Amino acid sequence: MDPAQALADLTEISSQIEAAVLAEESGAVIASTFTDAGRGERAARAAAELLRAAGAAGRSGLVQLEAATQLGSVFVVRDGARLVAAATGASPTAGLVFYDLKTTLRLATEEPAPEAAKPRARRRKKDGEEGSGEAS
Amino acid sequence: MRRRKLVAALAVGVASFVASKLLRRRTAQRRDRVDLYFEDGSMVSFAEGSDEGDRLLPFAFGLLADLRG
């Protein structure tokens, strides 16, 4: 899915998320919910810095974080070389926000299928075929 | 009559005590903090006032400001 579309879907689905940015781990912005590109770049850099600072806390394998303040919360989720960061109001439902961010990151990073295969309609069994699969 | 007043005063006292405890607990929960989640499923929380909390929270405030504009 297009990263910008994934973020648009995120803010539409989650009423808790006020703004979000999708970026490379280096801090390069991929997409954001802002119309101002500079704002997205600043937020992407700040998210990468926070992730780096948290990663330097002594343990490896950091995959996500929440910083909860009285002014609001920020969430950062990492998947490989990409990250997504979002801001919410105070006291959000953290589990839901993490779930939505992980879904967004997965959708934004997955390659679009060349052509979606239509699901084949299941053939209805005729009355005479009932039980034909049973062992004789 | 006097006994009823005593019971009412006692009830008010107990209610005030419980309310103050709940308020204090709620206020304590509102301290700024950073929760880190690791791939093995573990989580570490750093509250303001701790070394790591005080180091990470400025980054979080910066990100919050950038995201909110």
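How many bridges join S3(A) to S1(B)? There are 6, and the two strands run antiparallel. Strands here pair if DSSP finds at least two bridges between them, and helices (H or I, at least four residues) and strands (E, at least two) are DSSP runs numbered from the N terminus. Within this pairing, Glu66(A) has Asp35(B) of S1(B) as its bridge partner.

All of this comes from a predicted model, in which local features need pLDDT of at least 70 and side-chain atom pairs count only at pLDDT 80 or more, while totals for chains, interfaces and linings use all residues. Residues are numbered from 1 along each chain as its sequence is written, with chains lettered from A and ligands numbered from 1 in the order in which they are written. The complex gets an ipTM of 0.77 and a pTM of 0.75 from the predictor. For chain B, the mean pLDDT (the predictor's confidence in each residue, from 0 to 100) is 88, and 93% of residues reach 70 or more.

As for the contact (C-beta atoms, placed from the backbone, within 7 Å), chain A puts in 28 residues and chain B 24. On the chain A side, S1 (17-24), H2 (37-55), S3 (62-68) and S5 (82-88) each supply at least two residues, and H2(A) gives the most, with 9.

Over in chain B, Lys5(B) sits in helix H1, residues 2-29. Lys5(B) and Asp54(B) are 49 residues apart in sequence and 51 Å apart in space, C-alpha to C-alpha.

Methods: Contact = placed C-beta atoms within 7 Å.
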